[in-house]
Amino acid sequence: MAKTSDIRNGMMIEFKNGIYQITEFLHVNPGKGQAFVRTKMKNIKTGKVLENTFKLSEELIEIRVEKFRKQYLYRDGEHLIFMDLDSYEQTPIDIEIVGEDIKYLMEGMELDMLLSEKGEVMGIDLPITVIQTIAEAEPNVKGNTASSGGGKKAVTETGLVVMVPFFVETGEKIKIDTRTGNYMERA
């Protein structure tokens with residue numbers, strides 16, 4: 001059991017019949033009343049983000065998770081195939097475990113696989129940024145500039161839809177923040 005004072009970014013807890021990873025937290029000590037911890041948590045299975053407030057006296061069930069470096073190889077039906085970089089052993093995992101993060105996966109990409117104490121795959125830990133190629137983008141229209149604000153929708157090679165500046169064209173490589181899904185810059 002962990003206490004709310006033990007909360008840290010990346011911590012895994014069991015909460016409301018699911019396993020959540022703490023993505024943000026803030027200890028709040030108001031002038032009157034009891035102190036509390038405000039959190040943002042991401043469900044490992046569904047990828048949904050949940051905001052919750054814990055009292056300082058609450059106890060949490062912490063899930064111990066180990067990270068193992070793997071390389072994503074390919075998709076095989078309803079499974080994704082990952083390879084251990086040391087033993088070259090291949091591990092298939094269900095697409096459901098990865099959820100929406102599948103749109104960031106590129107063949108040959110190295111990432112961390114999260115395994116529970118019992119040895120079951122909990123999910124993957126993507127790098128903060130990925131570089132992908134634009135497969136489709138609306139054509140640039142005369143008069144649209146980078147400083148005019150806004151942008152246009154583009155689709156990457158993996159099917160990820162991202163808002164990009166007007167000057168980005170089909171075939172260009174862009175850097176994407178995996179935490180937010182936002183365009184960062186041209187690569």
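I began at Arg38, which stands opposite Thr53 in E5. I took helices (H or I, at least four residues) and strands (E, at least two) as DSSP runs, numbered from the N terminus. This is a predicted model, where local features need pLDDT of at least 70, side-chain atom pairs count only at pLDDT 80 or more, and totals for chains, interfaces and linings use all residues. Residues are numbered from 1 along each chain as its sequence is written, and side-chain values use heavy atoms, with hydrogens and water left out.

**Entry 1: the six-stranded sheet**

I looked up how E4 and E5 are joined. They run antiparallel, with 7 bridges between them. For pairing I used the DSSP rule of at least two bridges between two strands. Both belong to an open, antiparallel sheet of 6 strands, in the order E1-E6-E2-E3-E4-E5. Its edge strands are E1 (2-3) and E5, each pairing on one side only.

Then I checked Asn52, which sits in strand E5 (residues 49-55). Is Asn52 buried or exposed? Asn52 counts as buried because its relative accessible area is 17%. The cut-offs are under 20% for buried, over 50% for exposed and partly exposed in between (1.4 Å probe, protein chains only). I listed its contacts, meaning heavy atoms within 4.5 Å. Neighbours within four places in sequence aside, Asn52 touches Phe15, Val37, Arg38, Thr39 and Met41.

**Entry 2: the five-stranded sheet**

I found an open sheet of 5 strands in the order E9-E8-E7-E10-E11, again with antiparallel pairing. Strand E9 (90-94) and strand E11 (121-125) are the edges, and each pairs on one side only. From one strand to the next the twist averages 45 degrees. Axes here are lines fitted to C-alpha atoms, for helices over the stretch in contact, and angles run from 0 to 180 degrees between N-to-C directions.

Inside this sheet I followed E7 (residues 65-76) and E10 (residues 110-116), an antiparallel pair joined by 7 bridges. Which residue is the bridge partner of Arg69 in E10? I read Asp112.

**Entry 3: around E13**

Strand E12 (residues 129-137) pairs with E13 in the antiparallel sense over 3 bridges. Glu136 has Val155 as its bridge partner in E13. On the way to strand E14 (residues 161-164), I noted 4 bridges from E13, also antiparallel. Lys153 stands opposite Met163 in E14. E13 and E14 make a hairpin with 4 residues between them, and Gly159 in the turn has a positive phi of about 95 degrees.

Lys152, Ala154 and Thr156 are on the covered face, while Lys153 and Val155 are on the uncovered one. In a regular strand, side chains alternate between the two faces of the sheet.

**Entry 4: the largest pocket**

I noted a pocket as an open set of points on a 1 Å grid over the protein atoms alone, where a 1.4 Å probe fits, with protein on both sides within 12 Å along at least five of seven lines; lining residues have an atom within 4 Å of a point. The largest pocket holds about 850 Å³ of space. Volume is the space filled by probe spheres set on the points, which are joined across faces, edges and corners. Among its 29 lining residues, Gln21, Thr23, Lys42, Thr178 and Arg179 are the closest to the centre. E3 gives the most to this lining, with 4 residues.
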